[in-house]
Amino acid sequence: MSGLQYDDFQVLQLKFSSTTQSTHHIFFKPHTVRAEEPLKPRDRTLFCANIPPWATAEAIRRIFQANGPIEQVYFQTAPSVGPPTLPGDSIFMEEEDPYRVGCGFKFGYIVFERPLGVKNAMNKMDLSKVAVASTVENPIVVGVKRWAMEYNEQWKEEEKVKESIENFMVEYDKKVADEKKADEEMAEPDEDGWVTITRQDKKKPAAAKVAKEEEDRGRGKKNRRKKKKLVLQNFYSHQVKEDKMDRIQELRKKFEEDK
């Protein structure tokens, strides 16, 4: 059990392969939060931090399963008390998917099948040994080889793409139906006749927004016209004299034209 320790965390030393010189430190402790989450039960979940970008869920499972059978390993870009991030679609994988190798440092939640697994990890796990993520039996592909592999995996079979899209639409339709059902249930009065009212953002229609902008633009033009009318004419004495001279010249010109 002897090894590094930081506050409430135990520290696991992890390196990429047996030939790697440098090591990373993974900090882990029991997942103790007030909110109960079915997928991350407090008595069976181990919280991990500082998981390196090249570490996979399979590698973390293999390292920690010595403490007991593991039900699931979840990765997240940030810790949370709510439901964990589930693995994304293998075909339409997102750039920020924490399960993708190279997405950056991440947090993990290791869910054991029994609470004894968490106790063994905290009290009996040998942390003096350096764990290895990529082994001969379970290699992790990185670098140019991984780029080539990901490039080749871009070309999917049509049937698999179609199946993935259909599954996504089924889940989306189910999500929309569940949200609609929840809204309808909240709109129904309870035993005492009270109705739960949720706050909704009232968005103005686009037409109304355009009309308001045109109205504001029109007001601006009117204001400019008013300002022009308020400009004082011949405010200075020399302006009055010049204006009279221009008027006399104009009259003389018209007189000569009428001859």
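What does Glu-36 count as, and at what relative accessibility? Please also set out what surrounds this point in the account of charged and aromatic side chains.

Modeller: Glu-36 counts as partly exposed, at 47% relative accessibility. On this scale, buried is under 20% relative accessible area, exposed is over 50%, and partly exposed is in between, for a 1.4 Å probe and protein chains only. The model is a predicted one, in which local features need pLDDT of at least 70 and side-chain atom pairs count only at pLDDT 80 or more, while totals for chains, interfaces and linings use all residues. Residues are numbered from 1 along each chain as its sequence is written, and side-chain values use heavy atoms, with hydrogens and water left out.

The partner of Glu-36 is Arg-42: the two form a salt bridge, with their closest N and O atoms 2.7 Å apart. The term stands for a side-chain nitrogen of Lys or Arg within 4 Å of a carboxyl oxygen of Asp or Glu. Side chains of opposite charge can pair when their charged atoms come close. Arg-42 is also partly exposed, with a relative accessible area of 36%.

By this rule the structure has 5 salt bridges. Two of them lie in helix H6. Arg-247 pairs with Glu-250, with the closest N and O atoms 3.8 Å apart. These two residues are separated by about one helical turn, because they stand 3 residues apart in helix H6, which covers residues 237–258. Helices (H or I, at least four residues) and strands (E, at least two) are DSSP runs, numbered from the N terminus. Arg-247 is partly exposed at 46%, and Glu-250 is partly exposed at 38%. Glu-250 also meets Lys-254 in a salt bridge, at 3.8 Å from N to O. Here the spacing in helix H6 is 4 residues, again about one turn of the helix, and Lys-254 is partly exposed at 43% relative accessibility. Through shared partners, the salt bridges join Arg-247, Glu-250 and Lys-254 into one network.

The aromatic side chains come next. A pair of aromatic rings is described by the distance of the centres and the angle of the planes. The structure holds 9 aromatic pairs. Phe-47 and Tyr-109 make a tilted pair, with 5.4 Å from centre to centre and 50 degrees between the planes. This pair links distant parts of the chain, 62 residues apart: Phe-47 belongs to strand E4 (residues 45–51) and Tyr-109 to strand E6 (residues 106–112). Both are covered from the surface by the stated scale: Phe-47 is buried at 11%, and Tyr-109 is buried at 1%. By contrast in topic, the rings of Phe-168 and Tyr-172 have their centres 6.5 Å apart and their planes at 15 degrees, so this pair is stacked. Pairing here means that ring centres of Phe, Tyr and Trp (its six-membered ring) lie within 6.5 Å; planes under 30 degrees apart are stacked, over 60 edge-to-face, and the rest tilted.

Phe-168 and Tyr-172 are separated by about one helical turn, because they are 4 residues apart in helix H4. Phe-168 is exposed at 53%, whereas Tyr-172 is partly exposed at 44%. Together with Ile-165, Met-169 and Val-176, they make a nonpolar surface patch of about 470 Å². Such a patch joins nonpolar side chains (Val, Leu, Ile, Met, Phe, Trp, Tyr) within 5 Å, or like charges within 9 Å, using residues with over 30% relative accessible area and no salt bridge; areas follow the Shrake-Rupley method with a 1.4 Å probe, only the protein chains shown counting as cover for residues. Val-176 lies in helix H4, residues 158–187, and is partly exposed at 38%.

To return to Tyr-109 and Phe-47, both belong to one aromatic cluster, whose other members are Tyr-6, Phe-9, Phe-27 and Phe-107. Lys-40 lies over the face of Tyr-109, at 3.9 Å from the ring centre; this needs NZ of Lys or CZ of Arg within 6 Å of the centre and within 35 degrees of the ring normal.

As for the whole, the protein chain has 6 helices and 7 strands, running β-β-β-β-α-β-β-α-β-α-α-α-α from the N terminus. Of its 259 residues, 25% are buried. The chain exposes about 20000 Å², and carbon and sulfur atoms supply 53% of that area.
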